[in-house]
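Thanks for making the time this morning.

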Amino acid sequence: MELHAATQAAPGYGPRTRNIIENQLFRRQRSLKLEALQRQRSQYGTIDDADDDEADTLDKTYIVIIFTEKAKLRHCQDVEKIIQEFGIQTTLDFVSKTEKYLYLSATLDTLLRLADAAELEKMTTTGSIQKFNHGCVADFLLPGMTKAEILHYCETPVLIKDVVEPPIRSYIQKGYIEDMFPLHDILYLERFNLNLKRTKLPIEEIRNYFGSGIGLYFGFIEFYTKALVFPAIFGILQCLLDLNLSLVCSFYVVWTTIFLELWKRKCAGYSYRWGTIEMSSLDKPRAAYTGQLKPDPITGKMTLHYPMRYTYLQMYCISYPVVLGCVVAAAWFALYQFQIEAEVLADFGADSWLLYVPVIVQSVLIAIFSWAYEKLATFLTNLENHRTRSQYERHRVNKLMLFEIVNNFFSQFYIAFVLQDLKQLKYQLMMQLLIFQLLCIAQEIGIPLMAVLRQKYAKYRHQEVDPEKLRTITNKPRYEQSFYESGLDAYHSTYEDYLQVCIQFGYVVLFAAVAPFAAIGALINNVFAVHIDMFKLCNIFKRPFARRAKNIGAWQLAFELLSVMSLLSNCGLLFLQPNVKQFFSHWLPSIPDLSFVIFEHLLLGLKFLIHKVIHERPRWVRIGLLKADFETSQALK
């Protein structure tokens with residue numbers, strides 16, 4: 001029995017409801033039907049014309065535009081005419097006052113022309129990466145490749161969106177357009193299903209479908225999870241053999257440095273194959289960037305310009321003072337927790353279970369403060385009006401990391417180097433890490449599960465689509481898929497995912513001398529979290545428009561900052577050991593503290609040496625870039 005859309009909905013929310021289970025039921029039915037059509041087509045060469053048209057129409061729909069109830073028929077038709085001027089094919093379904101859909105598609109030739117205008121970089125038959133040229137398509141047809149395979153799944157919706165969004169922006173601002181998103185490819189999504197036989201993530205397929213930004217996130221989390229195997233094994237040896245802390249410090253300096261340097265090489269390989277390695281600050285402005293239209297001094301094209309002095313005034317006069325105030329408040333709150341613990345200890349004694357309450361409450365409040373400050377950091381960065389996505393993300397991450405380091409780790413530094421109580425440090429660290437991981441699991445699993453369970457026990461109202469309404473629908477499966485996916489949440493970015501991984505990395509490395517099992521907990525958590533992230537992308541969220549990225553941006557600097565801080569903190573823990581103090585007091589009685597500086601600088605020198613020895617780009621990438629430059633110079637001659 002075929003599933004049909006519900007025609008009624010809660011007041012104020014339009015006809016679409018956020019119903020995850022109905023969406024999954026429709027997808028499963030549609031997937032089975034498409035698979036059967038493909039098998040029939042491969043066996044017999046032809047299939048029923050109606051079914052064939054139905055399958056092809058859905059496959060060729062790249063973007064859906066949904067109009068608000070405010071939009072009249074003439075507004076929808078005006079938007080359609082504007083889009084058609086760019087050679088984009090459109091289909092308007094004016095179902096009712098509350099349901100208006102505009103489906104966008106394009107011919108292969110139109111898409112290739114848009115790719116040429118967007119200067120997408122593609123692999124040529126010579127093995128180098130060059131900007132795509134519509135007039136030389138044969139140069140980009142690799143052996144066994146057809147013209148349709150030149151563009152990836154993630155690129156076609158973005159090419160259309162970048163062309164049609166600017167001229168219809170006024171209709172978005174006036175409230176006539178509610179949403180614009182690409183439809184999921186139901187059959188392609190099955191490649192991301194959980195497969196226990198698979199030993200690694202399908203990074204290339206993730207990139208082909210979701211874009212290089214999300215592809216790099218999954219590539220990083222997979223690389224990081226594999227790298228955690230080494231500190232996890234070392235942590236077990238550290239507990240069993242009671243390893244010297246100087247060896248522990250040296251190990252984590254070497255491991256963090258090699259891990260980050262090897263990731264740069266891995267990332268360079270990804271970005272070279274994906275044609276994003278030479279992205280620069282001259283890339284197109286982000287959608288939320290505002291300014292006045294002026295000729296660009298480099299290209300001469302009319303582009304948006306915003307005076308940098310206003311951005312700097314916002315940053316230094318408003319944003320950073322607010323950030324500094326939040327950092328001071330987070331530090332004060334961490335210190336206040338110790339006062340509460342002292343009062344509980346005095347009133348109830350050292351054996352009371354109430355001593356666990358302050359650290360548990362603090363760990364939960366840390367997560368709440370992080371959530372609230374993330375919203376504040378995003379708001380402040382929006383006011384600064386940065387031009388490109390990379391600039392925007394860099395300044396937002398800078399604000400965030402300054403606060404998160406104080407919010408999550410200030411109490412540990414206070415216990416370690418002011419109170420100098422290593423036993424309490426170990427207890428505090430493990431409690432905060434445990435609660436942090438539990439909250440992450442609750443966020444990763446609990447929220448989607450609650451949404452699903454809420455729908456599981458809801459009263460479904462599946463009704464046949466009214467025959468009169470059915471006459472206005474050009475393709476019923478496409479209409480149903482648009483109906484269900486429009487009710488899903490929008491996926492904004494990998495920002496929150498990177499933040500969780502970055503904080504987890506801090507818990508693993510900053511106080512590794514007293515928390516050897518932190519790496520094991522992080523390893524186990526990541527094995528499950530990466531599959532949960534993929535499930536959410538495929539089932540809980542709308543399909544996002546792909547974002548191009550050449551690296552993980554400001555998060556690379558955040559991880560390197562934590563790496564240097566871990567060197568200092570673990571060296572400090574080493575020199576708090578009584579036997580180490582006695583040793584250096586005996587050999588250097590006049591300047592015992594100088595030994596800490598010497599040892600710390602030796603490890604910094606080792607870190608710098610490893611950084612210089614490992615080149616950030618593999619040799620084959622450097623050769624490919626030089627080859628592309630040579631071919632470009634020859635073509636210009």
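I will begin with the salt bridges and then turn to a pair of helices.

A word on the basis: this is a predicted model, in which local features need pLDDT of at least 70 and side-chain atom pairs count only at pLDDT 80 or more, while totals for chains, interfaces and linings use all residues. Residues are numbered from 1 along each chain as its sequence is written, and side-chain values use heavy atoms, with hydrogens and water left out.

A search of the whole structure finds 13 salt bridges, where the term stands for a side-chain nitrogen of Lys or Arg within 4 Å of a carboxyl oxygen of Asp or Glu. One of these joins E384 to K399, with the closest N and O atoms 2.9 Å apart. This pair links distant parts of the chain, since E384 belongs to helix 13 (residues 356-384) and K399, 15 residues away, to helix 14 (residues 389-419); helices here are DSSP runs of H or I with at least four residues, numbered from the N terminus.

Are these two partners buried or exposed? E384, at 0% relative accessibility, counts as buried, and K399, at 1%, counts as buried as well, where buried means under 20% relative accessible area, exposed over 50%, and partly exposed in between, using a 1.4 Å probe and protein chains only.

Within helix 14, E393 forms a salt bridge with R389, the closest N and O atoms being 3.3 Å apart, and these residues sit four apart, about one turn of the helix. E393 is buried at 16% relative accessibility, whereas R389, at 31%, is partly exposed.

Now to the packing. Helix 18 (residues 495-509) and helix 19 (residues 518-540) pack at an angle of about 170°, with their axes 10 Å apart; the axes are lines fitted to C-alpha atoms over the stretch in contact, and angles run from 0 to 180 degrees between N-to-C directions. That makes helix 18 roughly antiparallel to helix 19, a label given to angles over 145 degrees.

Which residues of helix 18 meet helix 19? They are D497, Q504, Y507 and V508, and their counterparts in helix 19 include A518, A522 and D533, contact meaning heavy atoms within 4.5 Å.

Notes:
Helix = DSSP H or I, 4+ residues; strand = E, 2+ residues; numbered from the N terminus. Parallel < 35°, antiparallel > 145°, perpendicular 65-115°, else oblique.
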